[in-house]
Amino acid sequence: MSYPKPIDDQSYFINSSNYQNLLTQASKNPDAFWLSMAKRLNWIQFPTRGGNWTFDKPVSIKWFEDGVLNVCANCVDRHALETPDKTAIIWVNDAGTTTTPISYTQLLKEVNAMAGALKNLGVQKGDRVIIYMPMIPEIAYAMLACARIGAIHSVVFGGFSPESLSGRIQDCNAKVVITANEGVRGGKSIPLKANVDQALLQTPQVEKVLVINSTSLNVPMVAGRDRFYTPDHTKIVAPEPMNAEDPLFILYTSGSTGKPKGVLHTSGGYLTYASLTHQWIFDVQQDDIYWCTADAGWITGHSYVVYGPLANGATTVMFEGIPNYPNPDRLWKIIDELKVSIFYTAPTAIRSLMQAGDEWLETSSRKSLRILGSVGEPINQEAWEWYFHQIGQENCRIVDTWWQTETGGILITPLAGIHNLKPGSATQPFFGIHPALLDEHGYEIDTYPCEGNLVIKTSWPGQMRTVYGDHRRFEETYFSQFPEYYFSGDGARRDADGDYWITGRVDDVLNVSGHRLGTAEIETAATIDHAIVETAVVGFPHSIKGEGIMVFAIAGAHSPHSDEELKAIIKRTIRTQIGPIASPDAIYIVKGLPKTRSGKIMRRILRCIAKGEFEKIGDVSTLADPSIVEHIIEVFSAKK
Ligand code: WTA
């Protein structure tokens, strides 16, 4: 099947007249290229240096290091001056009853008030502030208010449990938490304040909790510690001048080992990259209404709901709810109502709405759309086709954007006015991005087509700078397996045209509904209760979530529990340790796990079983107890 070639439309930011030239500039003289890109921001002091980095140990990454700016002033103040009445944010509530436009003038007023409140709580430049909130406008105010005063925010997604929240608070040693009395998603209440109270039992370092009353629910307050937020619009808080390399935020993400890592992003490079990629990849023009459905708790929410769009003075939609509530036509109706022209979402949402049936498309025309984006996981052909034919009605270019929390912004993607559409391929690297595929020995593969480990050879301004408080772990995780390259942890294929196809993680990280979860984290959580001795967690193909979570668990020797009880215990402990987003999709209670004689679990075998591909298991003679494989297959098959 062929898809329309790009229309040679010179009104696209990136078009046939400038593409090649920019590509050449970016690779021939990256410092000059990125310095010229940095001009899109307002600097207090414009940098003279581009990049100063090495992927050799000790790894060090700096961009625009002698520049001074304030991220909030760039996202808010300058637009409040230049386009005061333009809508910055359109907020849509969960119930679908309220649509609130917030102009750049109002945004400045609200962010300023929130910054004042943080100052009153004693928050200073460099302090860490945890934000644990629903998708209400105040979450953007809180992020920007931190940026305004130079505090480092760390947003924790509302779907994480008190236990996860306290782990993050401890890791970054936060002294203030901003939360809401409750969150509402899909009509369900999320007890955010109660979760904070529970988390804080283990984190005495938190001095103050700022509570936004976003519903009428009354919540208990701890005297001296907790304060309701009442905006004071009278005091002006000037934006703090920040060095380009001063930290902007920490965002926790799962890896293949240990507890989640605090990915640290800094100010000047991150904002330049988020803003540039947002404008050029989505071709965001003056009058566009742009909507990215991500929650601010994830990197996509940071870069492409808040920082990128606002830095560009765009209109960004913020949605409190979920795609299928109250009905699976919710997103499409919002698109019509707000005349959304650019829409960015995840394959998991596309698949679940596709499964709901095409009758849900009859209540909307979606005529305002011109560009569609996809992010978070590989998009399967069927979902891509539906997105293209049904949602976009063949009038929209699709940008399948590959990137990570660590990369700060999109690295590989088609550009609307340039690349041919190829369902399932993220196609080509963005300007100044140099990917390579390595074989298992670390050699670059330069044949076409080919497949290998996806690495990036040179730095870009949006790259993470370190793992907060653990630079060694940063080097170990990303620069050790393949020295002198940034290793993404993903595998990819490159076709004969040189287009990239991301095949998924090659490490022990699962991608469940576009959310990253480490198998090790889930295993640790599942064994907190002594009823369970050991577990092994693997992913398996799931028609909606992309990947589902499968747990193989061994019960204690004299366990008084039935298998059903054990499964309930596992579900409960995972939900309390990590959160509902890590709930397993399948659990099997088994007598043993496939281990080598040295005790290492052979996950490869479990992955084959999870997929039902028993024939691919191969030789099991090196296992300490080869018969265990047959037993596991039996348990697995019996429960199907
Ligand atoms: C996966 C989300 C295929 C990938 C921005 C990556 C993708 C992980 C794509 C990062 C895509 C993201 N096609 N896979 N277009 N985009 N991924 O940190 O495995 O939450 O490593 O960042 O999502 O997830 P993260």
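Helices (H or I, at least four residues) and strands (E, at least two) are taken here as DSSP runs, numbered from the N terminus.

First, the ground rules. This is a predicted model, where local features need pLDDT of at least 70, side-chain atom pairs count only at pLDDT 80 or more, and totals for chains, interfaces and linings use all residues. Residues are numbered from 1 along each chain as its sequence is written, and side-chain values use heavy atoms, with hydrogens and water left out.

Let's take the cis peptide bonds. Tyr325 and Pro326 are joined by one, with omega at about -5 degrees. Pro326 sits in the loop that runs between strand S17 (315-319) and helix H10 (330-338). Further along, the bond from Tyr448 to Pro449 is cis too, and its omega is near -10 degrees. Pro449 belongs to the loop between strand S21 (435-438) and strand S22 (450-456).

Now for phi. Asp283 is not a glycine, yet its phi is positive, near 50 degrees. You'll find Asp283 in the loop between helix H8 (268-281) and strand S16 (289-292). Glu484 is another non-glycine with a positive phi, this time about 75 degrees. Look for Glu484 in the loop between helix H13 (471-479) and strand S24 (486-494).

So are these two residues buried or exposed? The cut-offs, using a 1.4 Å probe and protein chains only, are under 20% relative accessible area for buried, over 50% for exposed, and partly exposed in between. Asp283 has a relative accessible area of 2%, so it is buried. Glu484 comes in at 48% relative accessibility and therefore counts as partly exposed.
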